[in-house]
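Hi there,

I am handing over the structure we talked about, and I hope you enjoy turning it around on your screen.

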Amino acid sequence: MKSRTLGILLVAALAVCLALALAVQGGQDAATAEIWSDGTLIRTVDLTVDQVFTVESAAGINVITVSGGEIAVTEASCPDHICMDRGYCSGGLPIVCLPNGLVIQFTGESAVDAAAG
């Protein structure tokens, strides 16, 4: 393989990694989050209001905590706990508990009054 081809492949791989990192970091913070269970919207929560609630489905239970403008699955009956590993989030990709059929989708961008540098 020529060194030029190898260089092009390396640059392409770095570009893909950068795009994936930006996608995982997400965009702006959300103002609300929709809680979906088995494909049904069950609740829309305001991320500025601290609260804890439980979502029960036929597959299992998830405890969801909203605190400080962020939301997380803090307890789950699923076997892998990937949803819990995601931690507290305020936007970006949805939080998903596939075994329990739970999806937390971020909606509405929050207003930013000022940015500190």
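Below is what turned up, starting with the whole chain and moving on to single residues.

**The whole chain**

Please keep in mind that this is a predicted model. The mean pLDDT of the protein chain is 83, and 73% of its residues reach 70 or more. Take care with residues 112-117: pLDDT stays under 50 there, and the model gives this stretch zero contacts beyond four places in sequence.

You will find two helices and seven strands in the protein chain. If you walk along the sequence, they come in the pattern α-β-β-β-β-β-α-β-β. The protein chain has 117 residues, and 26% of them count as buried. Its accessible surface comes to about 7,500 Å², with 61% of that belonging to carbon and sulfur atoms. For contacts between residues at least 6 apart in sequence, 36% join residues at least 24 apart.

**The core**

Which residues touch the most other members of the largest nonpolar core? They are Ile35, Ile71 and Ile104, in a core of 20 residues. The elements that give two or more residues to this core are β1, β3 (51-56), β4, β5, β6 (95-97) and β7 (102-109).

**The cysteines**

A disulfide is a covalent bond between the sulfur atoms of two cysteines. How many disulfides does the model have? The count comes to zero. Cys97 counts as buried because its relative accessibility is 2%, under the 20% cut-off. Cys89 also counts as buried, at 8% relative accessibility.

Ser37 lies in strand β1. With a relative accessible area of 10%, Ser37 is buried. Leaving out residues up to four places away in sequence, Ser37 touches Ile42, Val55, Ser57 and Gly101.

Ser90 sits in the loop between α2 and β6. Is Ser90 buried or exposed? Ser90 is buried, with a relative accessible area of 15%. The side chain of Ser90 makes a polar contact of 2.7 Å with the side chain of Asp29. Beyond four places in sequence, the residues that Ser90 touches include Asp29 as well as Gln28, Ala30, Leu47 and Phe106. Gly69 and Glu70 are also among the residues that Ser90 touches.

**Residues that meet across the sequence**

Ile61 belongs to strand β4 (residues 61-67). Its relative accessible area is 39%, so Ile61 counts as partly exposed, a class that runs between 20% and 50%. Where does the chain bring Asn100 relative to Ile61? The two are 39 residues apart in sequence, and their C-alpha atoms are 7.0 Å apart in space. Asn100 is also one of the residues that Ile61 touches, as are Thr54, Val55, Glu56, Glu75, Ala76 and Ser77, not counting residues up to four places away.

Pro99 is found in the loop between β6 and β7. Pro99 is partly exposed, with a relative accessible area of 38%. Setting aside neighbours within four places in sequence, Pro99 is in contact with Ala59, Cys78, Pro79 and Asp80.

**Two positive phi angles**

Lastly, here are two backbone angles to check. Asp38 is not a glycine, yet its phi is positive, near 50 degrees. Asp38 lies in the loop between β1 (30-37) and β2 (40-46). His81 is not a glycine either, and its phi is positive too, at about 55 degrees. You will find His81 in the loop between β5 (70-76) and α2 (82-85). His81 counts as partly exposed, at 29% relative accessibility.

Best wishes

Technical notes: Residues are numbered from 1 along each chain as its sequence is written. This is a predicted model: local features need pLDDT of at least 70, side-chain atom pairs count only at pLDDT 80 or more; totals for chains, interfaces and linings use all residues. Side-chain values use heavy atoms; hydrogens and water are left out. Helices (H or I, at least four residues) and strands (E, at least two) are DSSP runs, numbered from the N terminus. Buried means under 20% relative accessible area, exposed over 50%, partly exposed in between (1.4 Å probe, protein chains only). Contact means heavy atoms within 4.5 Å. A disulfide is a pair of cysteine sulfur atoms within 2.5 Å. A nonpolar core is a set of buried Ala, Val, Leu, Ile, Met, Phe, Trp, Tyr and Cys residues joined through side-chain atoms within 4.5 Å. A polar contact is a pair of N or O atoms within 3.5 Å; within protein, one must be able to donate a hydrogen and the other to accept it, and residues adjacent in sequence count only if both atoms are side-chain atoms. Accessible areas come from the Shrake-Rupley method with a 1.4 Å probe; for residues, only the protein chains shown count as cover. pLDDT is the predictor's confidence in each residue, from 0 to 100.
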